[in-house]
Amino acid sequence: MNDEAAAYAGQRATAEAIERGGLGLDVSDLLAMVTAAEPEAGAEAGPEAGAGAEPAEGAGTEAPTVAGAGGTRQAPADADTGAAAAAAAAAVPAGAAPPAAPAPAADGTTAPAPDLHGLAAAIATAAGRHLPQGHLDVDADFFDAGGSSVHAVELAAELERELGVELDLDDVFADARPVSLARRWLETAHGPTAVVTAPSGPAGRTAAPPLPVPAPRAPQPVTTLPLPDALPAPPALPVPERTAPARPAPLPPYPSTALEPAPHTTARRADLDQILADLALADRLPFVRSPEPVPPRRILLTGASGFLGGHMLLDLLRHSDAHVYCLVRGADEAAATARLAGQLRSYRLPWNAEVRRRVTVLPGDIRSPRLGLPDELWDTLAHEIDSIVGVAAAVDFLRGYPSLRASNVLGTLTLAELAATGRPKPLHHISSVAVFNEVGISSMGEDDPFAHVDRLIAGYDQSKWAAEVALRRARDHGLIVSALRPGGIGGHTKTGAHNPLDLSSGLISAFGRFRTVPAFRYLNAAPVDWVSRVAVAVVCEPDAWGFDYNLTGVPNTLDDVVRDMAFGGMHVRVQDWDEWRADTLARLEAEPVPELGFLARVLQSPTALKLCEATLKGPAATAERTDALVAALGLPPAARYDAQAQVKTFEKLAGDGLARLPQKSDQPYLWFAETTEGSVRPTGDGSTPHDSTPHDSTSHHSAPHDAAAHGGAASDTADSPCSMALTLSIASMYQLVKERRVDVSGEVVCPAAHPEPLTVVHGDVWVRPDEGIPHRHGMKHQLLRYRMRLRDADGGLWWLEGHKYARARRDLWQQTRTLSITLGRENEPAALTGRVVVPADSYVRDQIDGIRVAPHLTGREKRTAKLTWLAWFGLEMGRGLAGPFARAAADLLDLRRPQNPTERHR
């Protein structure tokens, strides 16, 4: 009992010292001091598990920091470490290769391995050439400093070419600090015990290699755990020495090397250790009372320059009276304001005087301590704002947890700290269904358990999981936290604005461009306008605060996506996931699409592939609480993100070069024949043309055309026979819904123009063009307009224009079959005019019973296509025929009205 009491007292003292920030050990050492001593991760799990488990080195450029609920604390910089790093940097010039691998000596010993700090400095120099500022500290994250995924690919190639450091691209994305990259390569190339750090003491002294199982030891003062930038902190308090009690040898963290999980099936041990340490930071938050349940008047919004955040900013202004303070990255207020304005305009959102009047832009950074704001401004916000909406996040499916934690986890904890400081205020956190992204998870309900963190492979999934779990701990301190989890965020249903780097947008773009789809279960995606509106409703409704919501809309099944794309004329082929991935990568390599470069990198990354696999094979997300809130507030209910909702987005994707809309060259979706017979005569023979058209407005003043001069066989003024054998087709229903246009091919036989048939080079038929605006004082309403470009046997070009009109007469059947045409040489006035009629016996046979549909469709899809075309075309014809009768009825009613004296006089 005395031994147990002593052990407990020692653990308590150690824990209190950790809580005060008095220790600076890495996560493995922290766990070893609080719990039983464990073997180092590298002893059993191999180099990868051990990488990153040591304290960050090479941080002599800035002091390490510790973040906490009461602010962040900064430890004094280690002058010796900084000097050593500088010396190492000078020892390895830019572009120089690191020392060669250690070679065995004659006595069997091994020469020292390359210096860690020297290699890290060389990597930092190379990385700096890809950054705006031109340099990078050895312990700074490459992506946080402004690097992109494209730059990371270039950096990896440059390191292999110039330094001989061959790193897997996933290693670069997992932890993009030069010191981590150097350590990872050294451990892989020379073993975990071969890493040599730069001298930090007397000359000739080097760090001892790590032991497989560290013996229990008394704690000793060291530097604090390095985290993002922080404020100065009081010096670390000494920890009383204690003697570790005797206890049985602990079990290793993993059973054995033979039973280790396959690569990319579980999270890295170093990442798990870091996640556990970050979660502990939430326990430092103070206990707070509940905020006043009233609609917010002053809101702090982060991520306003992003896709969802920009739409939420406008919805907050539309649906509340609040003034919104937007945290935006920028050197000063002017730069931050310009950045916000530019991003909003890129998403087709307004930035006008009314918006600027109710928005205050605060230059800051979610990754910095206290959001990068001055202390005075931080304190002002803590006491004046009454709601915080956290949308800002680093959305990158390639980067690892160490690279994303500053934005997605520590930034979220900083917002929780602000919410708990001064005036109590709710925190509305934009999370993600990525918290469920475990392969094989059975359900994704709003209150269902999250994925097991050790089975989340992608850094993005891990960071969103850690942020939301940390905020659940914050709820235990009294903080009101609303967790809003979108799935894929699709384009705006009205403007078509989309996020080109969203995974859902990338997949849909690839589906439409390459006409292939991987077999999946569900796509949990919703349009951005619906997601934003519901999220803002939660912010503005106090009764909705403090709960979890899935903002995923109605999931799409594989059948839904295939049917929607067929409706849009994009007939896709379903492939197995591995087959689709290989086919898509091959096509992107053969025909590079810069806008889809990020998708190619995702499909090449083993880590990101696990995210895709979990996304495509996961269950449908359910949202009972969200649906109840939407119904209670009278908001638009969730609807499937179908073809109709995606029309504008597909147009924008096509305009940006990501997707490809149906074209005339594509296989027709539906087609049928149309034959007409009639006659034409020259326009200059003194007779009145049947109908005036835009082309024949000049023909009344032109001299008669000699048809023989143009190769025609008839030169007299008598009617000459004319017939057309056409095929009318549509490439997609999108073509009808959006353009009301039908494609035309075939030939025209008109001896008055040319002895041989004229071939249709390009032809279109518009249904109710110009919304059926009437001609001839409102008495003739347009039903159809034909426009064709023709070529004769001699290569000459002609044009033909035809109209079907509706009039207030009883011969409706005749009107729907009669076409008034004009014909002439290209760039010349009309030479011939006349009428052709569809024979009554062929109309039903050809244009109803003779409809043909693409053969690759199923029987059900063919019937649906025919019925959809007939219903749509019949409705349009009905509207066109009703127009003149409604006009005639209105005129009759107007004539029966008693005339006033002026009208009688007229």
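Let me begin with a definition: rings of Phe, Tyr and Trp, with the six-membered ring taken for Trp, pair if their centres lie within 6.5 Å. Ring pairs of this kind link Phe672, Trp869, Trp872 and Phe873 into a cluster. Please bear in mind throughout that this is a predicted model.

The chain has 906 residues, of which 52% count as buried. It contains 28 helices and 25 strands. Among the contacts in the chain with a separation of 6 or more, 74% are between residues 24 or more positions apart. The accessible surface comes to about 39800 Å², and carbon and sulfur atoms account for 55% of that surface.

Which strands pair with β9? One is β8, residues 427–430, which runs parallel to β9 and is joined to it by four bridges. Within this pairing, Leu427 stands opposite Val481.

Let us return to the aromatic rings. How many aromatic pairs does a search of the whole structure find? The search finds eleven. In one of them, the rings of Phe307 and Tyr347 have centres 5.3 Å apart and planes at 70°, so this pair is edge-to-face. The pair links distant parts of the chain, 40 residues apart: Phe307 belongs to helix α10, residues 307–319, while Tyr347 lies in the loop between α11 and α12. Phe307 is buried, with a relative accessible area of 7%. Tyr347 also counts as buried, because its relative accessibility is 11% and the cut-off for buried is under 20%.

A further edge-to-face pair is formed by Phe511 and Trp580, at 5.9 Å centre to centre and with 75° between the planes. Phe511 lies in helix α16 and Trp580 in helix α19, so this pair ties together parts that are 69 residues apart in sequence. Both Phe511 and Trp580 are buried.

Arg472 lies over the face of Phe450, 4.1 Å from the ring centre. Likewise, the charged end of Arg785 sits over the ring of Trp766, at 5.4 Å from its centre.

Finally, I would draw your attention to strand β17, residues 670–682. With β18, residues 720–730, β17 pairs in the antiparallel sense over eleven bridges, and Glu674 has Leu726 as its bridge partner there. With β24, residues 832–837, the pairing is antiparallel over six bridges, and Pro682 stands opposite Leu832. With β25, residues 852–853, β17 is joined by two bridges, again antiparallel. In that pairing, Trp671 has Arg852 as its bridge partner.

Note on methods. Residues are numbered from 1 along each chain as its sequence is written. This is a predicted model: local features need pLDDT of at least 70, side-chain atom pairs count only at pLDDT 80 or more; totals for chains, interfaces and linings use all residues. Side-chain values use heavy atoms; hydrogens and water are left out. Two strands pair if DSSP finds at least two bridges between them. Rings of Phe, Tyr and Trp (its six-membered ring) pair if their centres lie within 6.5 Å; planes under 30 degrees apart count as stacked, over 60 as edge-to-face and the rest as tilted. Buried means under 20% relative accessible area, exposed over 50%, partly exposed in between (1.4 Å probe, protein chains only). A charge sits over a ring if NZ of Lys or CZ of Arg is within 6 Å of the ring centre and within 35 degrees of the ring normal. Contact means heavy atoms within 4.5 Å. Accessible areas come from the Shrake-Rupley method with a 1.4 Å probe; for residues, only the protein chains shown count as cover.
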